[in-house]
Amino acid sequence: MGFKTQYNTIVGEEGVKLLGSEHQYIAITRAIFKNPKILFLDEATSAVDNLTEVPIHKSLKSQAED
């Protein structure tokens with residue numbers, strides 16, 4: 001995932017121009033930044049490709065170990 005214009009990327013109202021995988025990536029990132037004591041994920045990476053899914057799982061595992 002990479003937005004060419006970074007923070008200035010137009011994503012449409014409520015992100016209608018985002019792909020399903022981009023919605024999931026943003027939702028996971030928001031959840032992690034809230035730093036919850038417990039994080040429930042139900043098929044959190046179902047719309048993410050395999051190359052992206054592996055680093056997400058590694059990052060979540062790393063966060064859990066801290």
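Which helix gives the largest share of the lining of the largest pocket? The views below take up this question and others. The model is predicted; local features need pLDDT of at least 70, side-chain atom pairs count only at pLDDT 80 or more, and totals for chains, interfaces and linings use all residues. Residues are numbered from 1 along each chain as its sequence is written, and side-chain values use heavy atoms, with hydrogens and water left out.

**View 1. Lining of the largest pocket.** Helix 2 (residues 50–65) gives the largest share, three residues. Helices here are DSSP runs (H or I, at least four residues), numbered from the N terminus. The lining consists of Ile32, Asn35, Pro36, Lys37, Ile38, Leu39, Leu60, Gln63 and Ala64. A pocket is an open set of points on a 1 Å grid over the protein atoms alone, where a 1.4 Å probe fits, with protein on both sides within 12 Å along at least five of seven lines; lining residues have an atom within 4 Å of a point. The volume is about 220 Å³, taken as the space filled by probe spheres set on the points. By class, six lining residues are nonpolar, two polar and one charged. Ala, Val, Leu, Ile, Met, Phe, Trp, Tyr, Cys and Pro count as nonpolar, Asp, Glu, Lys and Arg as charged, and the others as polar.

**View 2. Asparagine 35 in its loop.** Asparagine 35 sits in the loop between helix 1 and helix 2. Its phi is near 55 degrees, a positive value in a residue other than glycine. Asparagine 35 counts as exposed because its relative accessibility is 63%. The cut-offs are over 50% relative accessible area for exposed and under 20% for buried, with partly exposed in between (1.4 Å probe, protein chains only).

**View 3. The second largest pocket.** This pocket holds about 160 Å³ of space. Its lining includes Tyr25, Ile28, Phe33, Pro55 and Ser59. Helix 1 and helix 2 are the elements that give two or more residues to this lining. Seven lining residues are nonpolar, three polar and none charged.

**View 4. The largest nonpolar core.** Five residues form it: Ile28, Ala44, Val48, Ile56 and Leu60. Such a core joins buried Ala, Val, Leu, Ile, Met, Phe, Trp, Tyr and Cys residues through side-chain atoms within 4.5 Å. Beyond its neighbours within four places in sequence, valine 48 is in contact (heavy atoms within 4.5 Å) with Ser21, Gln24, Glu53 and Ile56.

**View 5. Glutamate 22 in helix 1.** Glutamate 22 belongs to helix 1 (residues 20–33). Glutamate 22 counts as buried because its relative accessibility is 13%. A polar atom of its side chain lies 2.8 Å from the backbone nitrogen of leucine 19.

Conventions
A polar contact is a pair of N or O atoms within 3.5 Å; within protein, one must be able to donate a hydrogen and the other to accept it, and residues adjacent in sequence count only if both atoms are side-chain atoms.
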